[in-house]
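Me: I have a chain open on my screen and want a quick walk through it. Can we go through it together?

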Amino acid sequence: MKKLLYTFLILFSLSLVVTGCREEKSTEEIVEEAIDDVEDGLEDASDEVEDAMDDVEDNIDDTVDDIED
């Protein structure tokens, strides 16, 4: 019974050691990820501005058409 208990304790300890280690990112990797996130955000904002400009343009065209009629 003691051998079984020791075996489980050893396996549990080994699993903690193996899964407890995590990979640390370097400063360079963190900065690169931040730059990528900012670029993605700027692209999304640019797309939203373009869509808003298209909507305004469509509304102006519709208003001009209504005035002409």
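Predicted model: local features only at pLDDT ≥ 70, side-chain atom pairs only at ≥ 80, totals over all residues.

Me: How does the radius of gyration of the protein chain sit against a compact globule of 69 residues?

Reply: The protein chain has a radius of gyration of 30 Å. A compact globule of 69 residues would be near 11 Å.

Me: And what box do the C-alpha atoms fill?

Reply: Roughly 95 × 30 × 5 Å, along the principal axes.

Me: What share of the residues counts as buried?

Reply: That share is 0% of the 69 residues.

Me: Switching to charge. How many positive and negative side chains are there?

Reply: There are 4 positive and 26 negative side chains. The centres of the two sets lie 48 Å apart.

Me: How many salt bridges come out of that?

Reply: The count is 1 salt bridge. It joins the side chains of Glu33 and Lys25, at 2.8 Å from N to O.

Me: Where is Glu33?

Reply: Glu33 sits in helix 2, which covers residues 27-68.

Me: Why is Glu33 called partly exposed?

Reply: Its relative accessibility is 37%.

Me: How far is Glu33 from Lys3?

Reply: Their C-alpha atoms are separated by 49 Å. Along the chain, Glu33 and Lys3 are 30 residues apart.

Me: New topic. Which residues form the nonpolar patch on the surface?

Reply: Leu4, Phe8, Leu11, Leu14, Val17 and Val18. Together they have about 610 Å² of accessible area.

Me: Take Phe8. Which helix is it in?

Reply: Phe8 lies in helix 1.

Me: Buried or exposed?

Reply: Phe8 is exposed, because its relative accessible area is 53% and the cut-off for exposed is over 50%.

Me: What about Ile10, where does that one lie?

Reply: Ile10 is in helix 1 as well, which spans residues 2-20. Its relative accessibility is 59%, so Ile10 counts as exposed.

Me: And how far is Ile10 from Ile30?

Reply: The two are 36 Å apart in space, C-alpha to C-alpha. In sequence, Ile10 and Ile30 are 20 residues apart.

Me: Good, that covers my list.

How values were computed: Residues numbered from 1 in each chain as written. Heavy atoms only, no water. Helix = DSSP H or I, 4+ residues; strand = E, 2+ residues; numbered from the N terminus. Buried < 20%, exposed > 50% of the residue type's maximum accessible area, 1.4 Å probe, protein only. Rg over C-alpha atoms; globule rule 2.2 N^0.38 Å. Lys, Arg positive; Asp, Glu negative; His and termini not counted. Charge placed at Lys NZ, Arg CZ, Asp CG, Glu CD. Patch = residues over 30% accessible without salt bridge, like charges linked within 9 Å, V, L, I, M, F, W, Y side chains within 5 Å. Areas by Shrake-Rupley, 256 points an atom, 1.4 Å probe, with all protein chains shown as cover. Salt bridge = Lys/Arg side-chain N within 4 Å of Asp/Glu carboxyl O.
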